[in-house]
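Me: I am new to this structure. Can you show me how to read its features, step by step?

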Amino acid sequence: MNRWSWEKKQFFTLLFAALIVGFFIGHLLELFFLVVLGLWIRQIILIDRLERWLAQGAIGDNKKIKGIWGNIYYHFYKLKKKQKNNKKKLGKVLMRYRKSTDALPDAAVVLGDYGRVEWINIAARKVLHLKKADIGSRITNIIRVPEFVQYFNTGDYHQKICIASPADENNILEITIVPYGSGMRLLIAQDITQIRRVETMRKDFVANVSHELRTPLTVLKGYLETLRDMDDGESVYSRSLEQMDVQTQHMEHLVDDLLMLIRLETTKKITECVNVPELLNELCCNVEITENSLQRINLRLACEAKILGEKSELRSAVTNLIVNALKYSPDDAKVNVVWRLNDPGEACLSVEDSGEGIPAAEIPRLTERFYRVDVQRDHKVNGTGLGLAIVKHVLARHDARLEVESQLGRGSCFNVIFSGERLC
Ligand code: ADP
């Protein structure tokens with residue numbers, strides 16, 4: 001039946017009966033008033049019943065109630081049933097999600113307001129030593145490592161940090177915090193002890209091999225020099241001796257570059273105020289570095305900015321850039337070295353050449369170790385493929401970035417940009 005038809009039928013039947021009875025007994029108005037009052041009281045009773053039914057959790061569908069009120073009860077009942085089903089489904093999804101995060105080898109901790117722990121996975125108990133009882137406590141009261149507390153409080157989570165594990169200080173944890181939702185944060189802790197061990201082994205191996213190669217190389221070089229001094233340049237061995245000399249030099253550069261990289265990876269940063277204009281003057285006038293191409297270098301010092309950093313590292317990085325610019329451009333082409341301040345107050349060193357240029361696709365790979373661009377040249381250009389890797393490491397230790405602009409056949413410009421905070 002239509003939602004309102006039962007109500008209408010009820011109302012008009014009562015009204016009609018009241019009219020007839022009222023007409024016969026001569027109290028038409030009073031009876032009409034009584035009918036309206038009765039209907040009004042019924043509505044109040046039904047509203048009260050609905051309120052009580054809702055307050056008790058809306059149990060049952062109240063099928064006995066007829067008319068529009070019956071429909072209202074029915075809609076509430078349906079809504080509740082739907083909500084119950086949704087809750088069931090959500091519960092299942094949540095359970096599956098929890099099972100999958102529990103299967104993760106990394107610790108996952110959900111943090112709410114003020115960094116309070118809201119949920120932890122199984123790995124968090126092992127990796128971070130968290131317990132169920134820690135739920136509700138602030139994470140900085142549980143993990144009290146000063147580096148972590150400082151990192152957590154800064155609110156800048158672009159970088160990860162490594163700390164000693166609160167469970168076992170011989171283990172190293174890499175911590176990542178991901179903010180999400182409103183004020184929520186997800187903390188992920190990965191045990192990287194094994195990765196670090198392998199990394200240390202690799203570094204030790206390269207360092208040991210490089211050191212061990214040094215002595216035989218020096219001996220070889222010495223004998224070669226003696227042999228070349230004795231050679232008149234016309235003998236059958238002259239060419240072989242020259243080739244041996246070139247290869248020994250190449251190996252020497254390789255060992256030096258590898259040792260430099262190891263030093264950059266393993267030694268602590270030292271910071272002093274480095275007079276960059278003075279350093280550039282010194283480098284651009286150095287005959288050894290420029291290989292007698294002094295006249296090819298145009299040095300322009302547009303500012304006197306000094307940088308907080310390590311002088312020997314900066315010298316090595318700038319030398320690599322200048323040597324590359326000279327090496328990869330024609331013998332008579334100029335190289336511009338410019339030191340200036342740019343608009344946002346950053347200090348910028350540009351080394352620009354008009355040489356062979358670099359294909360755009362190769363630029364992102366230039367700083368990889370041993371990466372050399374495959375170019376057909378008339379003459380062989382010697383190199384180790386480690387120069388720009390050294391530049392990358394040095395710049396990382398100085399919070400600086402490298403930007404490379406290049407056009408094939410036209411030249412390249414390597415820009416080293418130091419943030420304003422590094423000026424001293
Ligand atoms: P390499 O010892 O081979 O010069 P680098 O790491 O210094 O090693 O450079 C990697 C490669 O990048 C080089 O082999 C060269 O192909 C390319 N490259 C570096 N600088 C320049 C430059 N100024 N112009 C053109 N190519 C360059």
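Me: Which helix gives the most to the shell around the ligand?

Reply: First, a caution: this is a predicted model. Helix 11 gives the most to that shell, with 3 residues. Helix 11 spans 311-327. Helix 12 (387-397) and strand 12 (411-418) also supply at least two residues each.

Me: How many residues surround the ligand, and which are the closest?

Reply: There are 20 residues around the ligand. N324, Y328, R372, T384 and L388 are the closest.

Me: How do the residues of the shell divide into nonpolar, polar and charged?

Reply: Sort them by residue type. The shell holds 9 nonpolar, 7 polar and 4 charged residues.

Me: Which polar side-chain atom lies 2.9 Å from a nitrogen atom of the ligand?

Reply: Look for pairs of N or O atoms within 3.5 Å. Here the side-chain atom belongs to D353. The backbone takes part too. An N or O backbone atom of G385 lies 3.0 Å from a ligand oxygen. For V373, a backbone N or O atom is 3.3 Å from an oxygen atom of the ligand.

Me: How much of the ligand's accessible area does the protein cover?

Reply: The general idea comes from interfaces. Their size is often given as the accessible area lost when the parts come together. In this model, the ligand on its own has 530 Å² of accessible area, and the protein covers 98% of that.

Me: Now a single residue. Is S165 buried or exposed?

Reply: Compare its relative accessible area with a cut-off. Under 20% means buried. S165 has 5% relative accessibility, so this residue counts as buried. S165 sits in the loop between strand 3 (161-164) and strand 4 (172-180).

Me: What is S165 in contact with, leaving aside neighbours within four places in sequence?

Reply: S165 contacts V127, N171 and L173. The S165 side chain also reaches the backbone oxygen of V127 at 3.4 Å. At 3.0 Å, that side chain reaches the backbone nitrogen of A167.

Me: Where does L254 lie?

Reply: L254 is in helix 8, residues 238-266. L254 has a relative accessible area of 23%, so this residue is partly exposed. Beyond four places in sequence, L254 touches F370, T384 and L386. T384 is also among the residues closest to the ligand.

Me: What are the domains of the chain?

Reply: Zoom out to the whole chain. The division gives domain 1 (5-98), domain 2 (104-191), domain 3 (201-265) and domain 4 (269-422). The centres of domain 1 and domain 2 are 54 Å apart, taken over C-alpha atoms.

Conventions
Residues numbered from 1 in each chain as written. Predicted model: local features only at pLDDT ≥ 70, side-chain atom pairs only at ≥ 80, totals over all residues. Heavy atoms only, no water. Near = heavy atom within 4 Å. Polar contact = N/O pair within 3.5 Å; in protein donor to acceptor, adjacent residues only side chain to side chain. Areas by Shrake-Rupley, 256 points an atom, 1.4 Å probe, with all protein chains shown as cover. Helix = DSSP H or I, 4+ residues; strand = E, 2+ residues; numbered from the N terminus. Nonpolar A, V, L, I, M, F, W, Y, C, P; charged D, E, K, R; others polar. Buried < 20%, exposed > 50% of the residue type's maximum accessible area, 1.4 Å probe, protein only. Contact = heavy atoms within 4.5 Å. Domains from an automatic or database assignment.
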